[in-house]
Amino acid sequence: MIGLLIILVILIVTIKFMAIYILFTDEIKTIRDRDPAAKSALEVLLLYPGLHALVSYRVSHQLWAWKIPIIPRWLSQYARFWTGIEIHPGAQIGKSFFIDHGMGVVIGETAIVGDNVLLYQGTTLGGTGKETGKRHPTLGNNVVVGAGAKILGNITIGDNSYIGANAVVIKNVPPNSTVVGIPGRITKQEGQKIDFELDHMHVSDPVMENMKKLLGRIKTLELKTGCEAPKGERDADFNI
């Protein structure tokens with residue numbers, strides 16, 4: 001009897017994972033394409049919390065659309081417990097969505113996420129208060145959101161844009177842009193599609209670039225006027 005029960009459980013689990021593999025082929029392929037650590041489809045299917053959270057979301061979102069009470073939110077909280085990723089069942093998420101690592105990701109009720117979007121761990125698509133109606137962000141297609149970034153309020157992030165790690169974005173972002181800093185500042189890259197493999201270490205910061213230019217101009221003025229730096233200060237102390 002126990003042996004039959006074990007076989008039945010194994011059969012149910014196998015059918016479940018086969019169904020997920022068939023229904024989420026695009027997402028599994030997306031993960032393998034974007035994550036060099038993904039060695040096989042089986043590894044993605046069994047071990048990637050981003051995929052598990054997305055499967056739970058797809059089910060809870062359909063139940064939410066059917067206006068079934070309690071169960072959709074319960075499923076989202078269940079997924080949060082096991083994966084560390086909280087996706088409200090009311091959110092709208094497009095195709096080929098990938099959450100890398102995923103711990104701490106929060107996606108609010110009225111958030112809209114386009115196709116081919118990549119979120120890193122710690123990302124928040126949240127609101128800014130107790131406003132009603134559309135109160136969470138809309139992300140276009142091919143958007144990349146770096147680790148720890150916060151996108152807040154009813155704003156739009158244009159297609160092919162990149163949100164740098166730990167940026168806090170509270171204003172609309174045009175397409176083909178890079179956003180860095182707190183609050184988020186835009187570096188436009190018009191006409192160029194943002195690469196999914198952008199290196200977090202090489203995202204330009206316009207404020208830092210301006211500071212470097214100002215320091216350079218001050219040094220030029222000092223040389224031209226013969227002005228010397230205050231006693232005890234060295235140029236190296238002000239390198240950025």
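**Close-up views of a predicted model**

Just past helix H4, Lys67 adopts a positive phi of about 60 degrees. This is a predicted model, where local features need pLDDT of at least 70, side-chain atom pairs count only at pLDDT 80 or more, and totals for chains, interfaces and linings use all residues. Residues are numbered from 1 along each chain as its sequence is written, and side-chain values use heavy atoms, with hydrogens and water left out.

View A. Helices here are DSSP runs of H or I with at least four residues, strands are runs of E with at least two, and both are numbered from the N terminus. H4 covers residues 49-65, and its 17 residues should span 24 Å at 1.5 Å a residue; the expected span is 1.5 Å times one less than the number of residues. The end C-alpha atoms sit 24 Å apart, which agrees. Which residues of H4 are buried? They are Gly50, Leu51, Ala53, Leu54, Val55, Ser56, Tyr57, Ser60 and Leu63. Buried means under 20% relative accessible area, exposed means over 50%, and partly exposed is in between (1.4 Å probe, protein chains only).

View B. Searching the whole structure turns up three aromatic pairs. In one of them, Trp74 and Tyr78 have ring centres 5.4 Å apart and planes at 20 degrees, so this pair is stacked. For the cut-offs, rings of Phe, Tyr and Trp (its six-membered ring) pair if their centres lie within 6.5 Å; planes under 30 degrees apart count as stacked, over 60 as edge-to-face, and the rest as tilted. Trp74 and Tyr78 are four residues apart in H5 (residues 71-83), so about one helical turn separates them. Trp74 is exposed at 53% relative accessible area, while Tyr78 is partly exposed at 43%. Then there are Phe81 and Trp82, whose ring centres are 5.3 Å apart with planes at 90 degrees, so that pair is edge-to-face. Phe81 and Trp82 are both exposed. Ring pairs join Trp74, Tyr78, Phe81 and Trp82 into a cluster.

View C. Lys29 makes a salt bridge with Asp33, with the closest N and O atoms 2.9 Å apart. A salt bridge here is a side-chain nitrogen of Lys or Arg within 4 Å of a carboxyl oxygen of Asp or Glu, and by this rule the count is four. Both Lys29 and Asp33 belong to H2 (residues 25-34), four residues apart, or about one turn of the helix. Lys29 counts as exposed, at 52% relative accessibility. Thr30, also found in H2, is buried with a relative accessible area of 9%. What does Thr30 touch, leaving aside its neighbours within four places in sequence? It is in contact with Ser96 and Phe98, contact meaning heavy atoms within 4.5 Å.

View D. Glu86 pairs with Arg80 in a salt bridge, the closest N and O atoms being 3.4 Å apart. Arg80 counts as partly exposed at 41% relative accessibility. In another salt bridge, Arg135 meets Glu109, with the closest N and O atoms 2.7 Å apart. That pair ties together distant parts of the chain, 26 residues apart. Arg135 is in the loop between strand E7 (124-126) and strand E8 (138-139), and Glu109 is in the loop between strand E4 (106-107) and strand E5 (112-113). Both ends count as partly exposed: Arg135 at 21% relative accessibility, Glu109 at 23%.
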